Amino acid sequence: MTHTLRDVVDVLDRLFPPDTAQSWDQVGLVTGDPEQPVERILLALDPTLAVIEEARDLHADLLVTHHPLLMRGIHSVATTSAKGASVTGLIVGDIALYVAHTNADVATAGVCEALAAAAGLTDTAPLTVVEDQPLGRVGRLAAPTTLGAFATALHAALPAAAPGLRVAGPADAVVETVAVLGGAGDDQFAAVRASGADVYVTADLRHHPALEAREESRGGPPHLVDAGHWSSEAVWLPTLRDALSGALRVDIDISTVRTDPWTFTVGATNLGGMP
């Protein structure tokens, strides 16, 4: 049986209902004919030029990404811009594009659940509610451990990226309750404190919000782990593959292109007592 793009979109919409996306977001089908056949799907975090080229090389009929290609209005799709070249590459390659962004953050088979699983959490509950949707997760580890050991285990469980993990807190601090939010999460410190979490795993932590959070904690919990935007969300792609494989008879690949923009670090210094 050959599925049409409409069939696949119906499955994606059931897994990640578009009406659960935040009001500012742009999700759903971006390019493609609903009646075109789909025999191979490529999953990726970002619809970059390299990912689109990979989809063409694989003869993929559909590219499913977490991050939108067209978040803001554009006035040209000429190949003189990266956005234009991306749209042209998709259309010329007869590749449909579907985006599941903030609707995938809040879903049962979504980004935050995948990050919570990578962190080893059980008995998870929503960290907070945003626009009537459960955002983030908070749960417990199987047993108390140190912040250093937890960060080391989390690093091993996440897709590797050049920056690694940044940690704020003493390496020997005991942690058991963990809050997670894939992608940028430094606007949720109040919810993290209210949850009683010993450590907060998220990404894109800016200097002032992170410093103020540490000041509020007086050196104690919640400690902070910046796992990197790409790593904290790319961990979801195997979960997405499994969810689609259970509903569709198509070939599904996970992109091998690392779309994290950082390629190396210089002079990283360990100031927290880790060996």
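To start with, how many aromatic pairs does the count come to?

A: Happy to! Please keep in mind that this is a predicted model. The count comes to two aromatic pairs.

Let's begin with Phe16 and Trp236. Their ring centres are 5.7 Å apart and the planes stand at 80°, so this pair is edge-to-face. Phe16 sits in the loop between helix H1 (5-15) and strand E2 (28-31), while Trp236 sits in the loop between helix H9 (229-234) and helix H10 (237-245), so the pair ties together parts that are 220 residues apart in sequence. Both Phe16 and Trp236 are buried.

The other pair is Phe189 with Tyr200: here the ring centres are 5.9 Å apart with the planes at 80°, so this pair is edge-to-face. Phe189 belongs to helix H7 (residues 189-195) and Tyr200 to strand E11, eleven residues apart, and the pair links distant parts of the chain. Phe189 and Tyr200 are both buried.

Now for the surroundings. The largest nonpolar core has 44 residues, and Trp236 is one of those with the most contacts inside it, a group that also includes Phe150 and Leu240. Apart from that core lies another, of 16 residues, and Tyr200 is among them, as are Cys112, Leu127 and Ala179. As for Leu240, leaving aside residues up to four places away in sequence, it touches Phe16 as well as Leu12, Leu43 and Val64. In general, nonpolar side chains in soluble globular proteins tend to be buried together.

Technical notes. Residues numbered from 1 in each chain as written. Predicted model: local features only at pLDDT ≥ 70, side-chain atom pairs only at ≥ 80, totals over all residues. Heavy atoms only, no water. Core = buried A, V, L, I, M, F, W, Y, C linked by side-chain atoms within 4.5 Å. Buried < 20%, exposed > 50% of the residue type's maximum accessible area, 1.4 Å probe, protein only. Contact = heavy atoms within 4.5 Å. Phe/Tyr/Trp six-rings, centres within 6.5 Å; stacked < 30°, edge-to-face > 60°. Helix = DSSP H or I, 4+ residues; strand = E, 2+ residues; numbered from the N terminus.
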